[in-house]
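Me: I would like to learn to read this structure feature by feature. Please give the general idea each time, then the case.

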Amino acid sequence: MKEIAIVGYQQSDAVSDAGAQNEVELIIPVLSRIFEQVGITNAQDVDFVCSGSCDYLQGAAFAFVLGVDALGAVPPIKESHVEMDAAWALYESVLKIRMGHADSALVYGFGKSSPGELPIVLSQQLDPYYLAPQWVDTISLAAMQARMMLDRGLITERDMAEVVARSRRNALDNPHAQLKGDVTADDILAEETYLSPLRRSDCCPISDGASAMVICTVEKAKAWGKPYAVISGIDHIIESHNPGMRDLTDSVSTRKAAENAGMGKGKVDVAELYAPFSHQELILSRALGLGDDTNINPSGGVLAGNLMMASGLSRIGEVFNRIVAGDAERGVAHTTSGPCLQHNLVAVLDKGEVA
Amino acid sequence: MSQPEILNQAFELGFTYTRSTGPVVGRFLTELKKRNIVGIKASDGRVIVPPMEYDPDTAEELSEFVEVGQEGEIISFAWVKHPREAHPSERPFAWAMIKLDGADVPMVHWVASDSEELVSTGARVKATWSDDTKGYITDIACFELV
């Protein structure tokens, strides 16, 4: 099987409101930077392009076509789109390269969540007969999950506050982060509840922005002469759409996906976990069996800024950045989709040979 | 100079089409109209409410319906201090996972309560019906503390 390398990653700042900027205007600067990083001119220089976005965020059908227009798709390019986080666009691109249909791919994701009422918009992706007509929002579902964990003594509110405080402190070193600060767990615990048992700080912010990645075969990465990280394993598993049928205090699908991706074959220096709520980081780190020797969410994670449809790709990009910078030799990136960690993707990244 | 007329169009977010709900979901919704609540037996014998068409573990097609109680127990809940416009209540309320008597799996619905302090995990609740039942999940107007 062909080894696949990540050779470039860029993201915009996570901002609470991009104002009059539209999705295309969010993507273009990110694409310009990644073309420069990889040393290519435009999308014509890769074999395949795949994007992730959500029509429900834009409020229009086939809205992702605007994103393709941003690329300059003439002469025609080979292109695909997932109505999912761009981490799944990466997954499709990995398959495309493994099948021998491409040697390189550009992957990008974008979302402008600020114009709508995101938790209510996301309620419409739930079961259309039993849940969507009730307009039960994603924060409320996560709050019920958190209470289950608290009731069973699996976590404490202080554990959750510690996750938030570490995110805010780690984000001080992340120039793209939306929420950062030198705060303590006591500061967080002093806040009133927002959607009990969650405090506002337990929830990721609503953010606008985009991110992009270029992957290719290891041979091509060497030919381009770029530092790279190898995607040594990637898998994704989805659980039932009925939250009542799942053990919400665990993430079985994350654990299985990590096993299938070969996470256990070596030590994990760094992990970037897509946990939109503080208690979910605890579920994920336990499901993955991460210990003190793993640096968890050094970027601050999505509690510091949550680019819908791009934050999953960003988790993989953050691990790539640390491997290429020499801060880590091996890392794991996790992405989620759906309510209460329903669908999970795990990618394992290893240091490439020195170019 | 006269003000130009501003073009505008109402936009409703949601499913603007109808579809048949099939023998499982349809049966459940039809029973709601009659103010009954039914579940379905999973491959391992657990009673799932609302009923699912396929067993999530074995993918087996499910068909054995079971009538369940209209009272149950709160398995978990979230207290909504600031209801959103789309929410079913204008006053603070609780979303809850409720395991009905005779069911093995909790369902998501909402609980009316005058205060957060009155709601707790393990509390007993009872379904309250809409005046006009139509075959929707919202025929259960809410659950009330017993």
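Reply: Start with burial. Buried means under 20% relative accessible area, exposed over 50%, and partly exposed in between, with a 1.4 Å probe and protein chains only. A:Ser123 has a relative accessible area of 0%, so this residue is buried. This is a predicted model, where local features need pLDDT of at least 70, side-chain atom pairs count only at pLDDT 80 or more, and totals for chains, interfaces and linings use all residues. Residues are numbered from 1 along each chain as its sequence is written, chains are lettered from A and ligands numbered from 1 in the order in which they are written, and side-chain values use heavy atoms, without hydrogens and water.

Me: Where is A:Ser123 placed, and with which residues is A:Ser123 in contact, leaving aside its neighbours within four places in sequence?

Reply: Helices (H or I, at least four residues) and strands (E, at least two) are DSSP runs, numbered from the N terminus. A:Ser123 sits in helix H5 (residues 118-123) of chain A. Contact means heavy atoms within 4.5 Å. Beyond four places in sequence, A:Ser123 touches A:Ala132, A:Trp135, A:Val136 and A:Asp137. A polar contact is a pair of N or O atoms within 3.5 Å; within protein, one must be able to donate a hydrogen and the other to accept it, and residues adjacent in sequence count only if both atoms are side-chain atoms. The side chains of A:Ser123 and A:Gln124 make one at 2.9 Å.

Me: Is A:Arg158 buried or partly exposed?

Reply: A:Arg158 has 37% relative accessibility and therefore counts as partly exposed. A:Arg158 belongs to helix H7 of chain A. Leaving aside neighbours within four places in sequence, its contacts are A:Ala185, A:Asp186 and A:Leu189. With A:Asp186, the side chain of A:Arg158 forms a polar contact of 2.6 Å. A:Leu189 is 31 residues away along the chain, yet the two C-alpha atoms are separated by 7.1 Å.

Me: How do I read a pair of packed helices?

Reply: Two packed helices are described by the angle between their axes and the distance between the axes. Axes are lines fitted to C-alpha atoms, for helices over the stretch in contact, and angles run from 0 to 180 degrees between N-to-C directions. Take H7 (residues 157-170) and H11 (residues 278-287) of chain A: their axes come within 8 Å and cross at roughly 95°. Angles under 35 degrees count as roughly parallel, over 145 as roughly antiparallel, 65 to 115 as roughly perpendicular and the rest as oblique. H7(A) and H11(A) are therefore roughly perpendicular. H7(A) contributes A:Asp159, A:Met160, A:Val163, A:Val164 and A:Arg166 to the contact, and H11(A) contributes A:Ser278, A:His279, A:Glu281 and A:Leu282.

Me: What is the strand order in the 10-strand sheet of chain A?

Reply: Two strands pair if DSSP finds at least two bridges between them. The order in this open sheet is S3-S2-S4-S7-S1-S8-S12-S11-S9-S10, with mixed pairing. S3 (79-82) and S10 (295-296) are the edge strands, each pairing on one side only. S2 (residues 48-52) and S4 (residues 104-112) are parallel over 5 bridges. Here A:Ser51 stands opposite A:Tyr108.

Me: How many residues of S1(A) are buried?

Reply: In S1 (residues 4-11) of chain A, 8 of its 8 residues are buried. S1(A) runs antiparallel to S7 (residues 208-217), joined by 7 bridges. S1(A) is also antiparallel to S8 (residues 229-238), with 2 bridges.
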